[in-house]
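I opened this entry to look up charged side-chain pairs. My question was where they sit and how exposed they are.

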Amino acid sequence: MWNELKKDIKFFKNYFKEHLLFSIIIVLLILFLQGSLQNLLLIISTVIVINFFGFVYLSNKRRKELCEIETIINNIRKNFYENAEEIILSENLASLEQAIKEMFIKSKNDIEYMRKLQRVRSEFIANVSHELRTPIFAIQGYIETLLNGAINDSNVNKSFLEKAAHHTNNLSNLLNDLINISMIESGEMQMSFRYFDLAPYIASIVDEMKYLAEEKQISLTVSAIREGLQVFGDKERLKQVLINLIQNAIKYTESGGVDISVEEEKKFVTIKVKDSGIGIPQDQLTRIFERFYRVDKARSRAVGGTGLGLSIVKHIIEAHDSKVEVRSTVGVGSEFSFKLKK
């Protein structure tokens, strides 16, 4: 008990000026009401003593409240609590308790978010390293073989150079996609929104992509689009989206074809890219927009691609306040679609 009292008296020093001022005011008030200086010393002594014990009592309460708060904060720092409901303060600290709970929840969410970012960053670095290693090792192998004498062998030298050039192209595409997705996610990619005619725009993109379909002997068609139909968006970024979707559709279609169609609504236009390819399993539809995610890793690498294309598509379409929708049936085909403002 004596130790507690010593702590209270020590804590009382923080309020000494307030105690002195309050005592002077009480003494002056008594003297004013009494109307004389009789028993002045007794009055001063009595007021100081009473106020002293009063302030020590209040100091005791304040000190205990501060100790209570300090204990809660230390427990939070030591990860003592699993959830905010475990944080309990005395009744007169109810408003502070709520503030600490909110701080605890935000801090816990921030920590979890940072951990998630760290995991994503680690996975991203591991994936990038793996994706870079494949073409680099291939190029290195072809060049070393040529330097070791194959350069003089007319049966293989051109073939090896062509394969090295192919992997160089893959490496360049990967680096470009990495730059694009980095700029998009950091907010550094500038978007230029404007109205443009949709029919000639899609026709020009299809003309650029037709050679890929012809190489596989499949059709690439565009359903009729109303002349004069205009949509609002970034032409260059949307071209990136359509090229990526059409390329993927052609890559994973062995027979039949790919069709691009447009459906008009009152305020929106829906653009669809539909193929008759291998399709995507239902349980993997939610993951295909993840960076480096491949439904069939071996087949995906065989047909080329960086594993970042659909992730870039997702970001660009979301920047247009829209969303990429996917419908797919294994062995039947897939349909990717998104809306644009008219």
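My notes on the salt bridges follow. I am working from a predicted model.

Count. I asked how many salt bridges there are. The count comes to 12.

Lys-272 and Glu-263. I found these two side chains joined in a salt bridge, 2.8 Å from N to O. Glu-263 is partly exposed at 40%.

Lys-339 and Glu-265. I looked up this salt bridge next and noted 2.5 Å, N to O. The pair links distant parts of the chain, 74 residues apart. I located Lys-339 in strand E7, residues 333-341. Glu-265 lies in the loop between strand E4 (257-264) and strand E5 (268-275). I then checked accessibility. Lys-339 is partly exposed, with a relative accessible area of 34%. Glu-265 is partly exposed as well, at 36%.

Glu-318 and Lys-314. Here I noted a salt bridge with the closest N and O atoms 3.2 Å apart. I placed both residues in helix H9, residues 309-319. They are 4 residues apart, so about one helical turn separates them. Glu-318 is partly exposed, with 38% relative accessible area. Lys-314 is also partly exposed, at 31% relative accessibility.

Network. Which residues are linked in a network of salt bridges? I wrote down Glu-85, Glu-97 and Lys-101.

Definitions and conventions:
Residues are numbered from 1 along each chain as its sequence is written. This is a predicted model: local features need pLDDT of at least 70, side-chain atom pairs count only at pLDDT 80 or more; totals for chains, interfaces and linings use all residues. Side-chain values use heavy atoms; hydrogens and water are left out. A salt bridge is a side-chain nitrogen of Lys or Arg within 4 Å of a carboxyl oxygen of Asp or Glu. Buried means under 20% relative accessible area, exposed over 50%, partly exposed in between (1.4 Å probe, protein chains only). Helices (H or I, at least four residues) and strands (E, at least two) are DSSP runs, numbered from the N terminus.
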